[in-house]
Amino acid sequence: MISGTCRASLTASRIVFAAVGAACIAMSSWVCWAEESVTARPSFSDREIKIILSHGPWPVPVAHDPTNRVSGKPDAIEFGTLLFFEQRLSGSGTKACASCHVPERNWTDNLRTGVGMTELDRNTPTLVNLRGQRWYGWDGAADSLWSQSLRPIVDARELAATPRHVAGLVRDDEQLSCRYRRVFGAPPSPTDDEAVFVNVGKVLAAFQETLFSGRTPFDQFRDALARGESPSSLSYSTPAQRGLQIFIGKGECTSCHSGPNFTNGEFFNTGLSRFEPLRKPDPGRYAGIRQLRESRFNLVGPYNDDPTGASAAHTRQVAMARGNYGEFKVPPLRNLILTAPYGHAGDVETIAEVVRLHANDGQHAGALNLTPREQTDLVVFLESLSTFSNPWRPDDAGRCE
Ligand code: HEC
Ligand code: HEC
């Protein structure tokens, strides 16, 4: 006979588990027990609750970027917004940052790899929640948001422009040069192309720093736990709670995807990184460190606005090491629903496929070997870190007088 407990859990999940339920009636009681454990809410230990709380609160309050003197300035944000959508920034006059980082696509393009003047070899990352990160790009080749914003302008595959082209545009266009003067207190230098170019990177960064993703079902759950409410009384779904428990426990995901933005900001070689069927190997962080050290625009260079020099410490310490070959930055996991496909090469089309590849990649201490159900729970949890699509477009900035 079916037990009372089994009957109760059957009612709660009648449709999904109808088949198991039938077996439960017809067969022995351990089948009933198995069905019950599928629907049971997990209980969280104090240690687990502590880890869950470390993934918030959201949004995170962050200070201005000391390396960028116009960070947080309203005039700079407005100017940066205009330039982000400005096709004349590109050498051909036909591409803008927003051609690949499309607002309605959560600031990516939903393509496998970005397409500018030609196709790139990496997936276009979203631009939300970038503020305060230490390294930028899948390979960490930039150490500030403003220097990362200069890279695509001069990359022949992206906007294919030059500092001279950019400085000329800002000098010659009356509206752009008026805005430049407003932000920097002086007109664009008539001779120093590079100084004008770097300042364009700084206003682009000021704009991107304002892009945050919204609060998610996970954040509601996390904050309720912080207030001391019991997980069993909360509306966060049972599979999401189970997925969360795997994420912070057996799955060991938190060791890399830590904190409110679900990344520790570091670089690793994972099974996902090696999943590059038809490509030549991407050196990842190995080449990124070399580019970073060679760049005139890194934080050790002359354009860092931080007078204390403290912000350059990490860049100074970075040394090229063989072990960095094939490593990629741990991506944040918010708003994944909106940013397919996944991984640095964009080879992986669904969240379920990421979890399947990534959860069995032997990167972790001991083999993970998550069961299919555990993988599904993880996917449900990852989906609960998303908000809805973003319909944002800039307001008309009006004329600069
Ligand atoms: C042709 C498509 C394309 C264009 C145009 C483009 N990007 Fe990107 N963006 C990418 C790709 C691909 C990456 C990843 C690059 C890498 O890791 O090597 C990227 C990376 C970034 C990042 C790093 C994000 C992170 O998580 O570290 C920032 C910031 C960024 N782009 C800003 C911009 C800005 C600002 C512009 C305009 C000046 C721009 N992009 C133009 C495709 C593009
Ligand atoms: C050793 C560090 C590490 C651990 C542990 C780890 N990840 Fe990752 N994760 C990464 C790195 C690095 C990437 C990017 C790999 C690439 O593109 O080559 C990534 C990529 C992802 C992506 C794709 C995101 C995107 O925007 O493309 C998802 C989803 C993800 N991980 C989820 C998980 C889950 C779930 C777990 C636990 C089962 C986990 N990760 C454990 C380092 C880690």
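A nonpolar core is a set of buried Ala, Val, Leu, Ile, Met, Phe, Trp, Tyr and Cys residues joined through C-beta atoms within 7 Å. A residue is buried if 20 or more other C-beta atoms lie within 10 Å of its own, exposed if 12 or fewer, and partly exposed in between, with C-beta atoms placed from the backbone. The views below come from a predicted model, in which local features need pLDDT of at least 70 and side-chain atom pairs count only at pLDDT 80 or more, whereas totals for chains, interfaces and linings use all residues. Residues are numbered from 1 along each chain as its sequence is written, and chains are lettered from A and ligands numbered from 1 in the order in which they are written.

**View 1. The protein chain.** The protein chain holds 17 helices and 2 strands; helices (H or I, at least four residues) and strands (E, at least two) are DSSP runs, numbered from the N terminus. Of its 401 residues, 39% count as buried.

**View 2. The largest nonpolar core.** This core has 38 residues, of which V166, V170, V200 and V203 touch the most other members. At least two residues come from each of α5 (74-84), α7, α8 (163-172), α9 (174-184), α10 and α14 (285-294). The greatest contribution, 9 residues, is that of α10. Another core, of 25 residues, lies apart from it and includes F247, C253, V354 and V355.

**View 3. The surroundings of V203.** With neighbours within four places in sequence left aside, V203 is in contact with V70, A76, F79, G80, L83 and V183. Two residues are in contact if their C-beta atoms, placed from the backbone, lie within 7 Å.

**View 4. The crossing of α8 and α9.** The axes of these helices come within 5 Å and cross at roughly 95°. Helix α8 is therefore roughly perpendicular to α9, a term for angles of 65 to 115 degrees. Axes are lines fitted to C-alpha atoms, for helices over the stretch in contact, and angles run from 0 to 180 degrees between N-to-C directions. In this contact L169, V170 and R171 of α8 meet L176, S177 and Y180 of α9.

**View 5. The shell around ligand 1.** Around ligand 1 there are 27 residues, and C97, C100, G114, G116 and W138 come nearest; a residue is near a molecule if its C-beta atom, placed from the backbone, lies within 6 Å of it. Two or more residues are given by each of α6 (97-100), α7 (145-154) and α10 (193-208). Helix α7 gives the most, with 5 residues.

Note on methods: Parallel < 35°, antiparallel > 145°, perpendicular 65-115°, else oblique.
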